[in-house]
Amino acid sequence: MPRSAYQPASRSPVTRSRAFYSVRLWSVRHSRGLERIYKLLAGIFLKLHPFWTFVGYKRAEKPVVLVEKAVKSFLFDCRMCGQCALSDTGMSCPMNCPKSLRNGPCGGVRANGNCEVEPDMPCVWVEAWKGSRHMRAGDNILKVQPPVDHSWRGSSAWLRATAEAAEEKAAAKEGAPTS
Ligand code: SF4
């Protein structure tokens, strides 16, 4: 018995195993806890900024990418786009959308909340909305995400976010009034 009337004429361009769906959906259900862990990790990474600078962000890239890829592939079916939006998208990775939409769903979401391209897959944006409702910073889902810069593909989003946070911190320090 087919799950939906729609059957794509050819194979979907993105093939995934059902096991990954289950873990992904678990991550969305536990977005609040994962948000906390992410914040904690981001803080630790930022504290390690002097270490990353000493070693060199470029040299640290390879080992960090290995860890990041392993963890995020398992939990989020991460595609290593290099510019992670998970904390703004309810811990549902937007790159799992077959159309790679970064700012909300297309008009083809099925009545049951599944994807129009992959009828058996829950729409990543429907999941993103559900996940965001559990999160403290859940309203970040309303932020407009910039277009994906494909030159960052395969690089560490963790290190990039750390370098940016360190820069912001330094700029804030410089701008702070001296007593
Ligand atoms: S948004 Fe990018 S880095 Fe984050 S989980 Fe998805 S593919 Fe990976």
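What pLDDT does the protein chain average, and what share of the residues score at least 70? In this predicted model, the average pLDDT of the protein chain is 90, and 87% of the residues score at least 70. An exception is found over residues 1-11, where pLDDT stays under 50. For this segment the model has 7 contacts beyond four places in sequence. Where pLDDT is low, the predicted coordinates should not be read in detail.

The protein chain contains 6 helices and 0 strands, and its elements accordingly read α-α-α-α-α-α from the N terminus on. Of the 179 residues in the protein chain, 25% are buried. Among contacts with a separation of 6 or more, 71% are accounted for by residues 24 or more positions apart.

Helix H2, spanning residues 31-47, packs against helix H6, spanning residues 157-175, at an angle of about 65°. The axes of H2 and H6 are 9 Å apart, and their crossing is right-handed. On the H2 side, the contact is made by Ala-42, Phe-45 and Leu-46; on the H6 side, Trp-158, Ala-161, Thr-162, Ala-165 and Ala-166 take part. By class, the residues of this contact between H2 and H6 comprise 7 nonpolar, 1 polar and no charged.

The ligand has 13 residues around it, of which Cys-78, Cys-81, Cys-84, Cys-93 and Met-95 come nearest. The shell around the ligand divides into 11 nonpolar and 2 charged residues, with no polar residue present.

Trp-129 belongs to helix H5, which covers residues 124-132. With 18 other C-beta atoms within 10 Å, Trp-129 is classed as partly exposed, because a residue counts as buried at 20 or more such atoms and as exposed at 12 or fewer. When residues up to four places away in sequence are not counted, Trp-129 touches Gly-90 and Ile-141. Trp-129 and Thr-89 are 40 residues apart in sequence, whereas their C-alpha to C-alpha separation in space is 7.2 Å.

Definitions and conventions
Residues numbered from 1 in each chain as written. Predicted model: local features only at pLDDT ≥ 70, side-chain atom pairs only at ≥ 80, totals over all residues. Near = placed C-beta within 6 Å. Nonpolar A, V, L, I, M, F, W, Y, C, P; charged D, E, K, R; others polar. Helix = DSSP H or I, 4+ residues; strand = E, 2+ residues; numbered from the N terminus. Contact = placed C-beta atoms within 7 Å. pLDDT = per-residue confidence, 0-100. Axes fitted to C-alpha atoms, helices over the stretch in contact; angles between N-to-C directions. Left-handed = near helix turned anticlockwise from the far one by under 90°.
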